[in-house]
Amino acid sequence: MLTSVDTDLLRVLADPLRLRIVTLLARETLCTTHLIEETGARQTNLSNHLKVLREAGVVETEPCGRFTYYRLKPDAIATLAGQFADLAETARDTAENNVKRSCP
């Protein structure tokens, strides 16, 4: 039973703009131009966030002419969701078994 969550990935997704990008990419593959229109972010700012998401393994790219399309990698999100599910199960077991550390 896993009781920890990938904190690096959490840090990546904790940024509101990156979370918005991930949410948009969950619905469809988008190019940078689409993401700028949807988020209102500046191109350089958006590119920096996309780089962080790429390096974290959350998104992948697909070149298409002079545009780059971004696609969410569902396995990265599923892994994190699984870690949270395991954490919730551990908390459930702890509550049901009244597990607590005694005070000194």
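Let's start with the sheet: three strands make an open sheet, ordered β1-β3-β2, with antiparallel pairing. Its edge strands are β1 (30-31) and β2 (59-64), and each of these pairs on one side only. Strands here are DSSP runs of E with at least two residues, helices are runs of H or I with at least four, and both are numbered from the N terminus. Two strands count as paired if DSSP finds at least two bridges between them.

Before going on, note that this is a predicted model, where local features need pLDDT of at least 70 and side-chain atom pairs count only at pLDDT 80 or more, while totals for chains, interfaces and linings use all residues. Residues are numbered from 1 along each chain as its sequence is written, and side-chain values use heavy atoms, with hydrogens and water left out.

**Strand partners**

How many bridges join β1 to β3? Two, and these strands run antiparallel. β2 and β3 are also antiparallel, paired over six bridges. Here are some residues that stand opposite each other:

| Residue | Opposite residue in β3 |
|---|---|
| Leu-30 | Tyr-70 |
| Glu-60 | Arg-71 |
| Pro-63 | Thr-68 |

The hairpin of β2 and β3 has two residues between the strands, and Gly-65 in this hairpin takes a positive phi near 65°. Most residues other than glycine have a negative phi. Asn-98 is not a glycine, yet it has a positive phi of about 50°. You'll find Asn-98 in the segment after α5 (74-96). Asn-98 is exposed, with a relative accessible area of 55%. For that label, exposed means over 50% relative accessible area, buried means under 20%, and partly exposed is in between (1.4 Å probe, protein chains only).

**Helices against each other and the sheet**

Two packed helices are described by the angle between their axes and the distance between the axes. For α2 and α4, the angle is about 75° and the axes are 10 Å apart. The two helices are therefore roughly perpendicular to each other. That label covers 65 to 115 degrees; under 35 is roughly parallel, over 145 roughly antiparallel, and the rest oblique. The axes are lines fitted to C-alpha atoms, for helices over the stretch in contact, and angles run from 0 to 180 degrees between N-to-C directions.

Which residues meet here? From α2 there are Leu-17, Arg-18, Ile-21 and Val-22, and from α4 there are Asn-45, Leu-46, His-49, Leu-50, Val-52 and Leu-53. This contact (heavy atoms within 4.5 Å) involves seven nonpolar residues, two polar and one charged.

Is Leu-46 buried or exposed? At 0% relative accessibility, Leu-46 counts as buried. Not counting residues up to four places away in sequence, Leu-46 touches Ile-21, Thr-32, Leu-35, Ile-36, Thr-39 and Ala-41. Asn-48 lies in helix α4, and its 49% relative accessibility makes it partly exposed. Asn-48 and Arg-18 are 30 residues apart in sequence and 9.9 Å apart in space, C-alpha to C-alpha.

**The nonpolar core**

In soluble globular proteins, nonpolar side chains tend to be buried together. A nonpolar core here is a set of buried Ala, Val, Leu, Ile, Met, Phe, Trp, Tyr and Cys residues joined through side-chain atoms within 4.5 Å. The largest one has 19 residues, of which Ile-21, Leu-25, Leu-35, Leu-53, Val-58 and Val-59 touch the most other members. The elements giving two or more residues to this core are α1 (7-14), α2 (16-27), α4 (43-55) and β3 (67-72), and α2 gives the most, with five. Leaving aside its neighbours within four places in sequence, Leu-25 is in contact with Leu-30, Leu-35, Val-59, Tyr-70 and Leu-72.

Conventions: Ala, Val, Leu, Ile, Met, Phe, Trp, Tyr, Cys and Pro count as nonpolar, Asp, Glu, Lys and Arg as charged, and the others, Gly among them, as polar.
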